[in-house]
Number of protein chains: 2
Amino acid sequence: MKKKRLNLNVVLVEPNGPLNVGSIARLCSNFDVNELRIVSPKCDIFSLEAKKMALKGYRYIDNCKIFNSIEQAIFDCDLVIATFGRIDLSNDIECESPEDISKWISSFVEINNLGILFGREDRGLSNNELLFAHKILNIKTSQNYPSLNLSHAVSIILYELNKSSKNNDKKDLQVLDLASSKQIYESFKEIEEMLIKTGYLLEHTANSKISKFKKFLLKAKTSSHDINVLRGIVHQINWFLNNSKGK
Amino acid sequence: MKKKRLNLNVVLVEPNGPLNVGSIARLCSNFDVNELRIVSPKCDIFSLEAKKMALKGYRYIDNCKIFNSIEQAIFDCDLVIATFGRIDLSNDIECESPEDISKWISSFVEINNLGILFGREDRGLSNNELLFAHKILNIKTSQNYPSLNLSHAVSIILYELNKSSKNNDKKDLQVLDLASSKQIYESFKEIEEMLIKTGYLLEHTANSKISKFKKFLLKAKTSSHDINVLRGIVHQINWFLNNSKGK
């Protein structure tokens, strides 16, 4: 099977440094990224500062797509990876190395659109935002000063993905059949509705309880077919609950 | 044999961007570099711009060692690696990937001081400057826009070296026994003298002819012992030439 070129999309969430955005645009050009996408930028991405850092990569800023939510920014991605750089590495978050994730990605015959989520300069991505990702990666750095500048994290990850994509031995390629983050996210609207209605969840604690189930589905390599079966069940239960007259 | 921690020194040659120098100081801190060394800086490395980018890495600028020549900057390095990012990739220069060089470095039981040379933002290192290095590395980037920002090249290389240093399987470690760049460089002063005296080299073309021989010695994995034998021979010939009275 001939391997298709990977469409890699860099998704920045609320970046606040124009130098960073400019530097990242240059990196997009250095590593032949497909698109730069930005969720609610907190700085002027078209400023002179950004332009100076972007140099020939400025076309990525010119053509940049801006979104109001992560959900919209990854709407067409069949695979989503998030980066985790916060220092309060809670034991609850399972991270893998850029190298391992990169090898895993290159083990698939075809991925149409890959989205790599990068969080804010100061606080990264929230735990809830991390739930948009199939996998989470973390770059090992010094314990004394682990915090990488955003653009340097981007450079390392693009370098690692670029390395693997050139390095693929054609044998043992698998077909990617994971439910997209968007599918999982949408299913959860209905699942939540059902669990609240049936009293499993209380509205004010729904979020933390349901995130465990989301993590499970992301980790369980849930396929598109699996998620559709699940949605069918949930949809039917919700229909029943809405239409049955008794309590 | 217990592996010693690698003393990694980042050597910048004539950097002209304070933002880059600041960013690189932060990276030195992120990856536990030993020292930041700068050869003839072309900007104010203590400026506010540099400080803003360095953040907690500023102590690397505070403690930075400044030199007038590459020779002095690598005086105590037993292994020197140069980075090559120029676009006019002449066929004459043999480059390896950061990954391969990093694995090679981690195959030695002990390296006291490793120096990584990074060239100028606009033109990198000259061919003569590359001759200070035992090996030359190049980061694969887009053919359309290969030129990485200096600090991003540093980030990728420090990441890759850091990865290998943690990753070492203790078996098969070799003892580093290469003549240092400094030893080779110094030997060549005498070799050149001899070859000019004996008419093999003409003064105005000596440099290009001799650089082939330098490349050979660097590539040939010449040991400290080998280079001392060579120096002994050359020294004796020079003595003889200076002291024989006949033509």
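**Aromatic rings in chains A and B**

Let me start with Tyr185(B), which is partly exposed at a relative accessible area of 25%; here buried means under 20%, exposed over 50%, and partly exposed in between, with a 1.4 Å probe and protein chains only. This is a predicted model, in which local features need pLDDT of at least 70 and side-chain atom pairs count only at pLDDT 80 or more, while totals for chains, interfaces and linings use all residues. Residues are numbered from 1 along each chain as its sequence is written, chains are lettered from A and ligands numbered from 1 in the order written, and side-chain values use heavy atoms, without hydrogens and water.

Now the ring pairs. Rings of Phe, Tyr and Trp (its six-membered ring) pair if their centres lie within 6.5 Å; planes under 30 degrees apart are stacked, over 60 edge-to-face, and the rest tilted. That rule gives seven aromatic pairs over all chains. One of them is tilted because the planes of Phe67(A) and Phe75(A) stand at 45°, with the ring centres 6.4 Å apart. Phe67(A) is buried at 12% relative accessible area, and Phe75(A) is partly exposed at 44%.

Back to Tyr185(B): its ring and that of Phe132(B) have centres 4.8 Å apart and planes at 20°, so this pair is stacked. Phe132(B) is buried, at 10% relative accessibility.

Last, charges over rings, counted if NZ of Lys or CZ of Arg is within 6 Å of the ring centre and within 35 degrees of the ring normal. In chain A, the charged end of Lys51(A) sits over the ring of Tyr58(A), 4.8 Å from its centre. In chain B, Lys135(B) lies over the face of Trp104(B), at 4.6 Å from the ring centre.
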